[in-house]
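Reader: Could you walk me through this structure? I like to see each label set against its cut-off.
Author: Happy to, here it is.

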Amino acid sequence: MKSYQKFVFPYYLWVAFFVMIPTLMVLYYAFTMEGSFSLVPFSKVFAPATVRIILRSLKIALITTLLCFFLGYPMAYFIARMDLRYQG
């Protein structure tokens with residue numbers, strides 16, 4: 001196991017650079033306003049226009065999920081049941 005430890009370091013750099021730093025930046029900007037701590041941006045989430053947009057997005061997500069399920073499940077079922085000559 002110890003022979004693989006040298007290969008882990010680049011992964012840690014990758015995670016730090018492309019996952020952790022952007023996440024911390026989003027959290028910082030979400031909870032600060034003009035350099036000081038504030039929850040004012042979160043009060044805008046409950047504005048009528050924002051709620052309408054969130055509900056529309058959830059509706060589109062539900063329709064897309066159902067469409068993919070009802071098209072993809074039967075297709076996968078028939079592909080799995082096909083009698084292929086060289087099937088493993």
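Author: Let me start with Ser38, which is in contact with Ala30, Phe31, Thr32 and Met33, leaving aside its neighbours within four places in sequence; contact means heavy atoms within 4.5 Å. This is a predicted model, where local features need pLDDT of at least 70, side-chain atom pairs count only at pLDDT 80 or more, and totals for chains, interfaces and linings use all residues. Residues are numbered from 1 along each chain as its sequence is written, and side-chain values use heavy atoms, with hydrogens and water left out.

Reader: What is the mean pLDDT of the protein?
Author: The mean is 88, and 94% of the residues reach 70 or more; pLDDT is the predictor's confidence in each residue, from 0 to 100. Helices (H or I, at least four residues) and strands (E, at least two) are DSSP runs, numbered from the N terminus.

Reader: Why is Ser38 called buried?
Author: Its relative accessible area is 10%, and buried means under 20%, exposed over 50% and partly exposed in between (1.4 Å probe, protein chains only). Ser38 therefore counts as buried. Its place is in the loop between strand 2 and helix 2.

Reader: What makes the pair of Ser38 and Val40 a polar contact?
Author: A polar atom of the Ser38 side chain lies 3.1 Å from the backbone nitrogen of Val40. A polar contact is a pair of N or O atoms within 3.5 Å; within protein, one must be able to donate a hydrogen and the other to accept it, and residues adjacent in sequence count only if both atoms are side-chain atoms.

Reader: And Thr32, is that buried or exposed?
Author: Thr32, in strand 1, has 19% relative accessibility, so it counts as buried. A polar atom of its side chain lies 2.7 Å from the backbone oxygen of Tyr28. Beyond its neighbours within four places in sequence, Thr32 is in contact with Phe37 and Ser38.

Reader: Why is Val8 called partly exposed?
Author: Val8 is at 30% relative accessibility, so it falls into the partly exposed class. Val8 belongs to helix 1.

Reader: What makes Glu34 stand out in its backbone?
Author: Glu34 has a positive phi of about 55° although it is not a glycine. Most residues other than glycine have a negative phi. Glu34 lies in the loop between strand 1 (32–33) and strand 2 (36–37), and it is called exposed because its relative accessible area is 82%.

Reader: Now the whole chain: in what order do the elements run?
Author: From the N terminus on, they run α-β-β-α-α.

Reader: How do you know that the protein is more spread out than a compact globule?
Author: Its radius of gyration is 24 Å, well over the 12 Å that the globule rule gives for 88 residues, so the protein is more spread out than a compact globule. The radius is taken over C-alpha atoms, and the rule is 2.2 Å times the number of residues to the power 0.38. The C-alpha atoms fill a box of roughly 70 × 55 × 15 Å, taken along the principal axes, and 2% of the 88 residues count as buried.

Reader: How do you know that helix 3 is hardly covered?
Author: Among its 34 residues, the count of buried ones is zero. Helix 3 reaches 49 Å from its first C-alpha to its last, close to the 50 Å expected; the expected span is 1.5 Å times one less than the number of residues.
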